[in-house]
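Subject: Structure handover

Hello,

Here is the structure I promised to pass on. Please open it alongside this note, and my findings follow below.

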Amino acid sequence: MHYSLGIDIGSTTAKTVLFADGNIIFERYERHYSQVREKLIELLQQMKPLVNGRVSAAISGSAGLDIAKEIDVPFVQEVFATGEAVKKLQPDTSCVIELGGEDAKIIFFDKSGVDERMNGSCAGGTGAFIDQMATLLDVSVDELDKLSMNYERIYPIASRCGVFAKTDIQPLLNQGARKEDIARSIYQAVVNQTISGLARGRKIGGKVLFLGGPLYYCKGLRECFKSTLGLSEENAVFPDYGRFTVAIGVASCAEKLDGFDSLDEIIKRIENADAGGLDDRLPPLFDSEEQYEEFVSRHSKATVPRRPIESYSGKAYLGIDCGSTTTKLVLISEDKNILYSYYASNHGDPVSIIKEQLLYLYSLCGDKIQIAGSAVTGYGEDLIKNAFSVDLGIVETIAHYTAAKHFKPEVDFILDIGGQDIKCFKIRNGAIDSIMLNEACSSGCGSFLETFAKSMGYTIEDFAKQGLKGKHPVNLGSRCTVFMNSSVKQSQKEGATVEDISAGLSISVVKNALYKVIRVSSASELGENVVVQGGTFHNDAVLRAFEKELNHFVIRPDIAGLMGAFGAALYSMKLESSSILNEEELKAFTHSARSAVCKGCTNHCSLTINTFADGKRFISGNQCEKGMGMSAPKEQLPNLYAFKRDYLTSLPETTGQRGTVGLPLALGMYELLPLWHGIFTALGFGVKVSKMSTRRTYELGQFSIPSDTACYPAKIMHGHIEELIQSGVDAIFYPCLTYNVDEKVSDNHYNCPVVAYYSELLSGNMDSLQEVKFLYPYLNINNKRELAKELCSYLNRAYGGGFTAVQTRHAVNKGFEAYEKYRQSVREEGEAALDWARKHGKRIMILAGRPYHIDSEICHGIDKLALSMDFVVVSEDSICHLAEPQNVRVLNQWTYHARLYRAARYASEHEDTQLVQLVSFGCGVDAITTDEVREILEKHGKYYTQLKIDEITNLGAVRIRLRSLLGALEEKGVC
Amino acid sequence: MNTKKNYISFTKEMKKEYTILAPNMLPIHFKLILQVLRNYGYKIDLLETQGEHIVETGLKYVHNDTCYPAILVIGQFIDAIESGKYDPHKIALILFQTGGGCRASNYIFLLRKALEKAGYGYVPVISFSLNNLEDHPGFKLTLPILHRMVYGVMFGDLLLSLVNQCKPYELNHGDTERLAEKYTVELAKEMQENGVSFRKAKQRYKEILDAFAQIPMADEEKVRVGIVGEIYVKYSPLGNNNLEQFLVDEGAEVTIPGFLDFCLYCVYNNLIDYKFYRKRKLAYPVIKWVYQYLLGKQRELIDLIKKDGRFRAPAPFEETAERIQENISVGCKMGEGWLLPAEMLELADSGVKNIICTQPFGCLPNHICGKGMMKPLKDKNPEINIVAIDYDASATRVNQENRIKLMLANARQSTKEKLGSVYGD
């Protein structure tokens with residue numbers, strides 16, 4: 001009898017299969033909790049009684065890589081193994097989709113061979129993502145699966161990666177969306193990510209085999225794949241061996257190998273394997289016991305006075321902080337002592353928790369204490385305010401600032417790390433000097449720590465204590481939690497202890513805050529008095545890591561996690577009496593939520609409608625104010641974004657005898673549309689411009705995107721091309737422009753590589769372009785004669801003649817006339833908007849991005865949001881001509897950026913003007929511009945606000961940023 | 001116009017007492033190139049430091065979304081300044097500046113900003129660029145210097161190519177590296193003592209070819225893997241987690257297109273500016289001459305290797321450029337631009353079907369020229385086996401290696417009959 005053993009150790013689970021003469025006699029699938037060696041020995045011991053003779057073996061899986069090397073057993077790459085197994089078990093398969101804990105894979109089989117693909121590093125963590133989302137919803141993975149079966153609607157959730165998806169899900173939860181709908185939406189995000197990220201244009205059809213743990217256990221996920229891919233019952237195969245495919249493939253590869261005399265030999269090798277070194281470890285958090293004691297005693301002094309609620313009578317003020325993952329309440333007396341506080345996870349249902357808490361509070365207060373004021377802050381602010389008739393809403397940044405300032409009046413710097421967000425303030429002369437908020441990529445650090453601790457079987461408190469003891473903290477990087485998660489797993493497999501991981505995670509979170517959010521390099525930049533707060537700072541390991549990294553002592557109030565609620569309570573002290581629901585009303589309070597689609601405009605936002613006992617409704621999820629059931633603002637404020645949109649979309653659709661040319665309204669076309677429209681019309685073409693993007697546009701083209709880390713404005717281009725092809729145009733034009741318009745104010749006038757050459761990518765990756773003539777000449781738009789000449793010869797080549805030099809020169813002139821006219825009206829409109837604002841005493845916001853940021857899908861209606869906050873909105877290109885060219889410390893070589901720098905200069909020179917920078921995720925060049933723009937603004941005492949945008953649709957984070965800006969301005973008295 | 005000079009010049013006085021620090025990208029080439037500068041009286045140190053603290057330092061002083069090479073190079077500089085090995089007031093830094101629409105043109109400015117942030121704003125940074133973009137009286141790239149540097153690049157490319165062809169097969173571990181090291185030292189010494197002579201160079205080429213052919217090698221066939229990509233992570237072991245060594249350990253033979261191709265590409269781009277956009281009219285004849293001169297030098301070496309017959313010669317640049325035109329225009333010239341897919345095709349046509357395309361995470365030009373060209377190239381050459389690997393401060397090594405292993409498994413599969421096994425060594 002010959003035995004062959006297949007071992008597949010993934011990021012989360014260990015799978016083993018044992019063959020005896022080619023038949024499976026043993027199989028096991030178990031979570032290994034990163035105790036890889038122990039689990040493996042355990043499994044081998046279990047199968048030992050079955051083995052009687054020589055056994056050959058091979059190992060696979062991401063966690064198997066190192067162990068295979070250590071024990072000198074052949075390694076078989078897992079996707080390769082899957083391919084081998086499928087060829088044997090299901091030879092008529094045309095495509096395999098396999099999801100694991102960390103990696104997603106697709107394999108295509110056809111006559112020409114096998115095409116195997118794995119997800120890119122950014123899109124990692126499929127199974128781990130589902131686990132995390134279940135924790136977020138406070139359900140088990142099984143329950144999540146059951147919930148998903150009863151969905152009514154699907155919310156659009158960013159599918160770029162787990163962190164982005166979470167950013168979309170968290171607010172949905174807090175707005176009261178149904179868990180059933182969220183569960184299904186999570187699955188849909190996984191499906192979209194897999195299909196768009198891996199299939200990249202290749203059609204998934206024929207018999208599709210679904211493999212791997214998550215697809216074996218999650219029935220809802222299966223359904224979701226089936227319906228998205230439109231597969232019939234017989235073509236969607238979920239085999240029983242789904243979890244073991246890799247192990248089977250490995251075992252059959254092993255059959256051909258020389259073996260070991262017995263299983264014991266393998267076991268012995270594992271036992272003797274080197275558990276990995278301690279290279280690349282960090283120094284411990286504490287060098288000595290004394291150091292630790294000094295740390296503890298120093299921080300125990302930072303307390304806020306408390307007073308037993310029983311001993312107090314009189315007025316009291318209530319602050320509620322409805323955060324992303326936790327709910328906090330603080331009741332304070334008139335002398336600002338804390339009477340009562342509450343801090344707990346919101347279990348995805350903050351409304352019920354607050355109702356319960358309020359009832360309890362009323363029972364404590366009795367007749368002695370009257371709530372004279374209440375305020376609510378945090379992600380759930382609007383919902384809670386409406387549900388319980390809370391008096392005031394306060395943006396969380398200002399709440400945290402208010403609390404910190406009360407606690408330490410001479411504070412210079414405040415850092416707040418909550419579950420989802422990191423907020424930092426620099427204070428100068430008693431006022432907020434600058435605000436820094438994390439962007440999507442670095443969000444969720446706080447809650448990640450907690451979720452991770454739970455998954456290891458620890459409470460966050462115990463987990464933190466372990467971290468303090470870590471002797472050799474692991475280095476986990478600081479890009480984002482997806483990367484950290486995969487680094488942790490890696491380090492566990494190398495034998496890192498819980499102590500070292502806990503300490504390492506704390507250090508990573510701190511580095512993320514320091515170097516990504518604050519962008520600080522030395523303590524002196526922060527000032528003497530640094531206050532740290534937010535729930536995450538209750539974790540002593542994080543606190544210590546922060547002090548160590550900064551090399552400076554900081555102050556952590558004992559109510560670090562309650563500071564938002566405390567600040568809200570302080571804020572409400574300006575009130576005399578409160579409208580908050582009384583005990584009677586509260587007892588009668590009920591709450592239900594349902595989902596709907598807004599029909600207010602073409603955006604079709606997904607709404608969540610909350611209904612309360614008194615019939616009051618609260619609607620959320622909409623991008624503008626319409627869906628909220630409010631009337632539009634009484635006066636129409638000037639909005640250059642709308643002006644530009646209207647201008648460009650009202651260029652007429654023309655007809656001509658040379659056929660129709662389609663112009664995709666994306667990327668650089670947003671700047672030069674009038675030029676090309678003019679040229680082609682004058683040449684006798686019909687011109688058709690694609691419609692402004694919607695989510696649907698993106699979905700239409702998402703399957704041919706080759707690089708998932710490109711920016712959203714580029715990815716959406718694919719949809720515009722599809723749309724044009726479907727509309728029956730004869731040709732599509734998007735030129736390659738190395739150089740953009742030379743406005744003669746910068747060192748050079750390049751386009752970014754993506755805007756410049758995206759056509760090359762489209763041509764290579766969109767098969768549907770075969771159906772039309774795709775015109776993408778390399779042109780120089782700064783020399784009319786050259787442009788006409790080149791265009792003429794290009795068109796003659798493409799159309800086999802028919803274009804004369806005179807014609808094209810005339811057309812080019814016409815085009816430039818139209819372009820100049822457009823630019824001129826944008827400038828005039830910009831000036832008019834400024835005048836209007838000043839005449840009417842309105843604030844001005846330069847919403848500064850790129851021309852394509854006016855697209856309503858790409859900017860997600862941020863311009864409208866700004867209008868609703870009573871800002872007049874102008875674009876960077878409408879006012880930059882009013883400022884002198886700006887000197888910058890970097891190479892000023894991109895046309896769009898030169899405009900941006902000048903716009904920043906304009907803002908820095910005008911007190912009534914604020915600049916908000918729109919940055920698309922993945923925009924490499926903005927890694928350079930953002931620091932510069934910030935510098936220009938801050939040098940002149942202005943606030944810098946950056947909004948990082950992507951396919952994420954939820955505006956919660958944007959709203960907080962803009963309101964923080966407003967709050968800071970009000971605080972400072974500039975308004 | 002942004003004409004205000006906001007940098008510190010490297011003065012003639014500085015030349016006498018300052019040590020110039022240079023980042024390492026191509027170990028052999030840079031040793032030779034820097035020797036040229038030493039011969040012209042510069043004190044120069046090549047930074048060969050390694051380790052996690054370099055990335056850490058980089059992340060501290062550079063925007064974390066900036067490309068990985070910038071984080072590494074700047075991290076390496078500041079780490080060196082802080083090492084205590086140098087008097088910060090007596091050093092200058094040198095960085096290559098290629099120009100063009102990629103954000104890499106900004107590295108030098110990011111370096112200056114980082115220095116200022118770290119408190120070393122007074123350290124002069126020299127821009128090493130062919131266009132003399134900046135004014136550094138103490139550092140002038142004269143024709144003789146450039147001429148000698150070309151010599152360095154030629155020998156660098158030859159040695160790199162021979163090392164790659166010999167190392168996987170050497171019977172006595174270390175033979176190849178020792179020989180390469182020996183010639184690097186010898187050539188540098190010779191340059192110092194006798195200057196360079198392209199007449200004698202031919203003699204040298206032959207001698208080197210003979211010496212490498214003497215290395216006792218196993219007669220076996222290995223999976224051949226080509227590396228293309230963003231210039232820094234493609235070559236620098238610090239940038240690509242020692243990719244070449246990893247592949248050799250996995251039992252593969254590595255092929256990396258030479259550095260001269262990249263130099264030619266940079267020169268060629270200037271010609272394109274004239275051809276496509278009628279820019280640089282005045283400089284055109286000079287650039288054209290330089291281009292022809294470099295082509296000539298490359299041809300010389302290629303002919304020699306071919307005639308010798310014992311080693312594989314690289315493809316001439318013009319052929320490489322010609323080959324790719326049906327897939328992408330040579331107008332696509334930011335970052336590595338069209339050269340990147342052109343090298344993929346060159347590799348495939350020369351029999352290297354397995355290719356690793358390396359890039360820093362979020363590399364803009366590579367969205368188009370790297371990942372964006374994989375499908376069209378594969379459509380036309382179905383046997384090509386390409387994997388794109390992103391390098392980044394936080395990407396895990398295992399993730400990268402696992403993907404490379406998948407590529408290798410497929411590579412072995414397709415040559416299974418020859419090799420008899422699909423498993424790693």
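Strand β28 of chain A, residues 913-920, is mostly covered: eight of its eight residues are buried. This is a predicted model. Both faces of β28(A) are covered. T913(A), L915(A), Q917(A) and V919(A) are buried on one side. Q914(A), V916(A), L918(A) and S920(A) are buried on the other.

Which strands pair with β28(A)? One is β26(A), residues 843-848, which pairs with β28(A) in the parallel sense over five bridges. Within that strand pair, I844(A) has T913(A) as its bridge partner. Another is β29(A), residues 945-949, which runs parallel to β28(A) and is joined to it by five bridges. Here L918(A) stands opposite L947(A). In general, strands of a sheet pair through backbone hydrogen bonds.

Next, a helix in chain A. Helix α4(A) covers residues 126-137. Its 12 residues should span 16 Å at 1.5 Å a residue, and its end C-alpha atoms are 17 Å apart, which agrees. Is α4(A) enclosed or open? It is largely enclosed by the rest of the structure, because 11 of its 12 residues are buried. Among them are F129(A), I130(A), M133(A), L136(A) and L137(A). D131(A) and Q132(A) are buried too. Just after the helix, D138(A) takes a positive phi of about 65°.

Now chain A as a whole:

- Chain A has 35 helices and 29 strands.
- A compact globule of 975 residues would have a radius of gyration near 30 Å, and chain A has 30 Å, which agrees.
- The C-alpha trace of chain A spans about 90 × 85 × 55 Å along its principal axes.
- Of its 975 residues, 61% count as buried.
- Among contacts in chain A between residues at least 6 apart in sequence, 73% join residues at least 24 apart.

On to chain B. Four strands form an open sheet there, in the order β6-β5-β7-β8, with parallel pairing. The edge strands are β6(B), residues 252-255, and β8(B), residues 385-391, and each pairs on one side only. From one strand to the next, the twist averages 25°. Strands β5(B), residues 223-229, and β7(B), residues 354-360, pair in the parallel sense over five bridges. I227(B) stands opposite I356(B) in β7(B).

Two helices pack on this sheet. Helix α14(B), residues 339-349, touches β5, β6, β7 and β8 of chain B. Its direction makes about 165° with that of β5(B). Helix α15(B), residues 364-380, touches β5, β7 and β8 of chain B. Its direction makes about 165° with that of β8(B).

One more helix in chain B deserves a look. Helix α6(B), residues 143-166, has 24 residues that should span 34 Å at 1.5 Å a residue. Its end C-alpha atoms are 35 Å apart, which agrees. α6(B) is mostly covered, with 19 of its 24 residues buried.

Last, where the chains meet. How many residues does each chain bring to the contact? Chain A gives 66 residues and chain B gives 62 residues. On the chain A side, α3, β7, α18, α19, α28 and α34 each supply at least two residues. The largest share, nine residues, comes from α28(A). The chain A side divides into 29 nonpolar, 27 polar and 10 charged residues.

Over to you.

Best wishes

Note on methods:
Residues numbered from 1 in each chain as written. Chains lettered and ligands numbered in written order. Predicted model: local features only at pLDDT ≥ 70, side-chain atom pairs only at ≥ 80, totals over all residues. Contact = placed C-beta atoms within 7 Å. Nonpolar A, V, L, I, M, F, W, Y, C, P; charged D, E, K, R; others polar. Pairing = 2+ DSSP bridges. Axes fitted to C-alpha atoms, helices over the stretch in contact; angles between N-to-C directions. Rg over C-alpha atoms; globule rule 2.2 N^0.38 Å. Buried ≥ 20, exposed ≤ 12 C-beta atoms within 10 Å, placed from the backbone. Expected span 1.5 Å × (residues − 1).
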